[in-house]
Amino acid sequence: MQLDMYQIDAFTDYVFGGNPAAVVPLAAWLDAELMQAIAAENNLSETAFFVPAGDRYELRWFTPTTEVELCGHATLASAHLIFTRLDTARREVRFVTKSGELGVARDGDRLVLDFPRWELRALERAPPELNGALGLPPEQVFSAGARGTLFALFGGETEVRALEPDMAALARLHPATVVATARGTESDCVCRYFAPSYGVPEDPGTGSIHCGLVPFWSEQLGKRRIHSLQVSKRGAEFWCELRGDRTLIAGQAVTYLSGTIDV
């Protein structure tokens with residue numbers, strides 16, 4: 001069986017930047033075991049699969065080791081593929097996912113994700129392993145989402161950039177993953193994201209964590225619009241807006257590869 005597959009760099013306007021996602025458009029769903037095997041073979045942080053569902057699409061995401069409930073950059077990449085290759089006249093697309101219905105709309109040269117809003121809960125006592133795993137104690141730790149994603153707040157961008165985490169120690173925090181964040185020097189905030197227990201030691205650019213970062217920094221800075229930089233090695237850029245119970249996350253994307261796979 002041959003399948004079309006595309007590799008798209010998300011949250012960037014140039015190839016080799018942002019976060020690469022594989023996208024496999026399907027006519028009908030494959031077995032989950034096969035989709036997981038394809039994702040493992042791709043060895044990217046996410047591989048997205050979607051199938052038509054009336055005027056919408058059903059969308060699923062897989063890391064190299066597991067299926068996940070929400071992914072921003074692979075959603076952006078999937079919408080980019082639809083808008084540039086599959087349905088070029090379309091201005092907006094709706095995806096049916098395990099996290100509910102998610103929209104993506106064109107806005108100039110950016111695509112805007114319509115994602116849920118997460119509320120960060122301050123932890124009175126952070127997991128004792130966290131400080132050692134990060135190599136530097138954060139000023140405060142918060143939790144959000146069903147998996148208890150940990151948001152570690154640092155005093156400045158320099159500290160976030162300098163982190164050299166112990167990935168094996170971070171993996172032992174499973175099912176939690178870890179976001180490091182601080183105020184930015186050239187942006188409202190900066191972040192890094194570590195998910196080694198899901199096969200993603202450091203993610204280059206992560207849309208989903210902005211469901212929590214945007215409400216937090218919106219409150220801290222007293223503004224609805226937040227410009228965020230993910231200061232990974234590849235780097236990623238986000239233009240976000242808090243709108244009621246939704247988080248709008250905008251970014252760009254570029255196609256790196258198109259081809260077929262034999263499975």
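Just after helix H6, Gly 222 takes a positive phi of about 70 degrees. Helix H6 itself spans residues 210–221 and is mostly covered, with nine of its twelve residues buried. All of this comes from a predicted model, so please read the values below as computed from that model. The points that follow go from this helix to the nonpolar cores, the aromatic rings, the cysteines and a loop serine.

- The buried residues of H6 are His 210, Cys 211, Gly 212, Leu 213, Val 214, Pro 215, Phe 216, Trp 217 and Ser 218.
- Two of these residues, Gly 212 and Phe 216, are touched by Leu 120, which also meets Phe 142, Ser 143, Ala 144 and Phe 151, not counting residues up to four places away in sequence.
- Leu 120 itself belongs to the loop between strand E8 (110–116) and strand E9 (121–122).

**Nonpolar cores**
- The largest nonpolar core has 54 residues, and those with the most contacts inside it are Phe 11, Trp 61, Val 93, Phe 95, Val 104, Phe 151 and Ile 249.
- Helix H2 (residues 73–86) gives this core its largest share, seven residues.
- Ile 249 is in contact with residues that include Phe 11, Leu 111, Val 112, Leu 113 and Phe 115, leaving aside its neighbours within four places in sequence.
- The contacts of Ile 249 also include His 210 and Cys 211, both of them among the buried residues of H6.
- A second, separate core has 20 residues, including Leu 130, Ala 169, Leu 170 and Ala 176.
- As general background, nonpolar side chains tend to be buried together in soluble globular proteins.

**Aromatic rings and charges**
- The model holds eight aromatic pairs.
- Phe 49 and Phe 62 form an edge-to-face pair, 5.7 Å centre to centre and with 90 degrees between the planes.
- This pair links distant parts of the chain, since Phe 49 lies in strand E3 (residues 46–53) and Phe 62 in strand E4 (residues 56–62), 13 residues apart.
- Both partners are buried, Phe 49 with a relative accessible area of 0% and Phe 62 at 2%.
- Ring pairs also join Phe 50, Tyr 57 and Phe 95 into a cluster.
- Two arginines place their charged ends over tryptophan rings: Arg 60 over Trp 29, 5.2 Å from the ring centre, and Arg 110 over Trp 239, 3.6 Å from the ring centre.

**Cysteines**
- How many disulfides does the model have? The count is zero.
- Cys 71 is buried, with a relative accessible area of 4%, and Cys 191 is buried at 0%.

**Ser 187 in its loop**
- Ser 187 is found in the loop between strand E12 (178–183) and strand E13 (189–195).
- Is Ser 187 buried or exposed? Ser 187 is buried, with a relative accessible area of 10%.
- The side chain of Ser 187 reaches the backbone oxygen of Cys 189 at 2.8 Å.
- Leaving aside neighbours within four places in sequence, Ser 187 is in contact with His 227 and Leu 229.

Key: Residues numbered from 1 in each chain as written. Predicted model: local features only at pLDDT ≥ 70, side-chain atom pairs only at ≥ 80, totals over all residues. Heavy atoms only, no water. Phe/Tyr/Trp six-rings, centres within 6.5 Å; stacked < 30°, edge-to-face > 60°. Helix = DSSP H or I, 4+ residues; strand = E, 2+ residues; numbered from the N terminus. Buried < 20%, exposed > 50% of the residue type's maximum accessible area, 1.4 Å probe, protein only. Lys NZ or Arg CZ within 6 Å of the ring centre and 35° of its normal. Contact = heavy atoms within 4.5 Å. Disulfide = S-S within 2.5 Å. Core = buried A, V, L, I, M, F, W, Y, C linked by side-chain atoms within 4.5 Å. Polar contact = N/O pair within 3.5 Å; in protein donor to acceptor, adjacent residues only side chain to side chain.
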